[in-house]
Amino acid sequence: MARISLTPPRTLLFRAVEWYAKRTYGMGLDPVRAAGHNGRVLRTTLRFELAVGRWNALDPTLKALAVMASAAGIGCSWCMDFGYWESTRHGVDPRKLRDLPVWRDSDAYTARERDVLEYSEAMTATPPAVEDDLAERLSKELGEAAFVELTAMVALENMRSRTNAALGLTSQGFKDRCELRHR
C-alpha cells in the first residue's frame with residue numbers, strides 16, 4: 001500500500017508525463033505519480049533519467065542484471081516488476097532474470113555476469129562491501145568507462161529502489177504482461 005497519494009496535482013508537467021507513460025508503457029507509473037507531488041523532484045528525475053538512457057558504455061544485459069540485482073537486494077517489488085518487463089522487452093534472456101535469486105547456483109550466467117552480480121550486491125549492501133580485487137577485475141574486463149557506468153547504474157538503482165520501497169510502491173503488474181505468463 002502506497003504511503004502517499006498517487007493522485008498528485010494535475011499540473012501541466014504531470015499531465016504530459018502521465019500521457020507519455022500511458023503511451024509508452026500502457027499505464028501510468030506509480031513512481032511518477034508519487035513524484036508528481038513535488039514538481040521540482042519530478043522535473044529533475046525526468047531530466048536525469050533521460051540522460052541516463054543515453055549512457056552506452058556498458059553492455060545492456062550487464063546493465064539490466066546490475067539494476068535487477070540491486071533492486072532485489074533492496075527488495076523493491078515495483079523495480080523488480082518493471083525491470084523484468086523492461087529487460088525482457090529489450091532482449092535480455094528471461095532465464096537470467098528469473099534466476100537472479102539463485103544466481104550463484106545457476107548455470108545461466110557467464111563469469112563476467114557473475115562478477116557484475118556480485119559487484120551489484122556488494123555495492124547495495126549497507127555499508128557497501130565491494131572488495132578491491134572484484135573492482136579491479138571488472139575495471140580491467142569492462143574498461144574504465146563501462147566500470148564507471150556500472151557503478152553509477154547500481155547507485156542509481158539504489159536510489160530508485162529505496163525511494164519506491166520507502167514510499168510503499170509495489171508491483172503494478174508489468175511482469176504479468178510478459179510472454180512468460182503462460183509458461
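Student: Why is Asp133 called partly exposed in this predicted model?

Tutor: The relative accessibility of Asp133 is 46%. Buried needs a value under 20% and exposed a value over 50%, so Asp133, at 46%, counts as partly exposed. Asp133 sits in helix α8, which covers residues 132–142.

Student: What makes Asp133 part of a patch on the surface?

Tutor: Asp133 gathers there with Glu118, Glu131 and Asp132, and the patch carries negative charge. A patch takes residues with over 30% relative accessible area and no salt bridge, with like charges joined within 9 Å. Asp and Glu count as negative, so the patch formed by Glu118, Glu131, Asp132 and Asp133 is one of negative charge.

Student: Let's turn to charges that do pair up. How do you know that Asp30 and Arg33 form a salt bridge?

Tutor: Their closest N and O atoms are 3.0 Å apart. The cut-off is 4 Å between a side-chain nitrogen of Lys or Arg and a carboxyl oxygen of Asp or Glu, so the pair Asp30 and Arg33 qualifies. By this rule the model has 14 salt bridges.

Student: Why are Asp30 and Arg33 separated by about one helical turn?

Tutor: Because the two are three residues apart in helix α2, residues 30–35.

Student: Are Asp30 and Arg33 buried or exposed?

Tutor: Asp30 has a relative accessible area of 11%, and Arg33 has 18%. The limit for buried is under 20%, so Asp30 is buried and Arg33 is buried as well.

Student: Which salt bridge links Glu49 to another part of the chain?

Tutor: The side chain of Glu49 meets that of Arg160, with 2.7 Å from N to O. This pair links distant parts of the chain, with Glu49 in helix α3 (residues 39–52) and Arg160 in helix α9 (residues 144–166), 111 residues apart. Glu49 has a relative accessible area of 29%; this lies between the 20% and 50% limits, so Glu49 is partly exposed.

Student: What makes the contact between Glu121 and Arg104 a salt bridge?

Tutor: The N to O distance is 2.9 Å, and the rule asks for a value within 4 Å, so Glu121 and Arg104 meet in a salt bridge. This pair, too, links distant parts of the chain: Glu121 is in helix α7 (residues 111–124), and Arg104 is in the loop between α6 (94–98) and α7, 17 residues apart.

Student: What joins Glu18, Lys22, Asp30 and Arg33 into one network?

Tutor: Salt bridges that share partners join these residues.

Student: On to helix α5. Why is Asp81 called buried?

Tutor: Asp81, in helix α5, has 6% relative accessibility. That is under 20%, so Asp81 counts as buried.

Student: How do you know that the side chain of Asp81 makes polar contacts with backbone nitrogens?

Tutor: A polar atom of the Asp81 side chain lies 2.9 Å from the backbone nitrogen of Gln172, and the backbone nitrogen of Phe174 lies 3.0 Å from a polar atom of this side chain.

Student: What about Ser87: buried or exposed?

Tutor: Ser87 lies in helix α5, residues 77–89, with 9% relative accessibility. The Ser87 side chain reaches the backbone oxygen of Gly83 at 2.8 Å.

Student: And why is Tyr84 called buried?

Tutor: Tyr84, another residue that lies in helix α5, has a relative accessible area of 3%. That is under 20%, so Tyr84 is buried.

Student: What kind of peptide bond joins Thr126 and Pro127?

Tutor: A cis peptide bond, with omega at about -5 degrees. Pro127 is found in the loop between α7 and α8. Most peptide bonds are trans.

Methods: Residues are numbered from 1 along each chain as its sequence is written. This is a predicted model: local features need pLDDT of at least 70, side-chain atom pairs count only at pLDDT 80 or more; totals for chains, interfaces and linings use all residues. Side-chain values use heavy atoms; hydrogens and water are left out. Patches are made of residues with over 30% relative accessible area and no salt bridge: like charges are joined within 9 Å, nonpolar side chains (Val, Leu, Ile, Met, Phe, Trp, Tyr) within 5 Å. Accessible areas come from the Shrake-Rupley method with a 1.4 Å probe; for residues, only the protein chains shown count as cover. The place of a charge is taken as NZ of Lys, CZ of Arg, CG of Asp or CD of Glu. Helices (H or I, at least four residues) and strands (E, at least two) are DSSP runs, numbered from the N terminus. Buried means under 20% relative accessible area, exposed over 50%, partly exposed in between (1.4 Å probe, protein chains only). A polar contact is a pair of N or O atoms within 3.5 Å; within protein, one must be able to donate a hydrogen and the other to accept it, and residues adjacent in sequence count only if both atoms are side-chain atoms.
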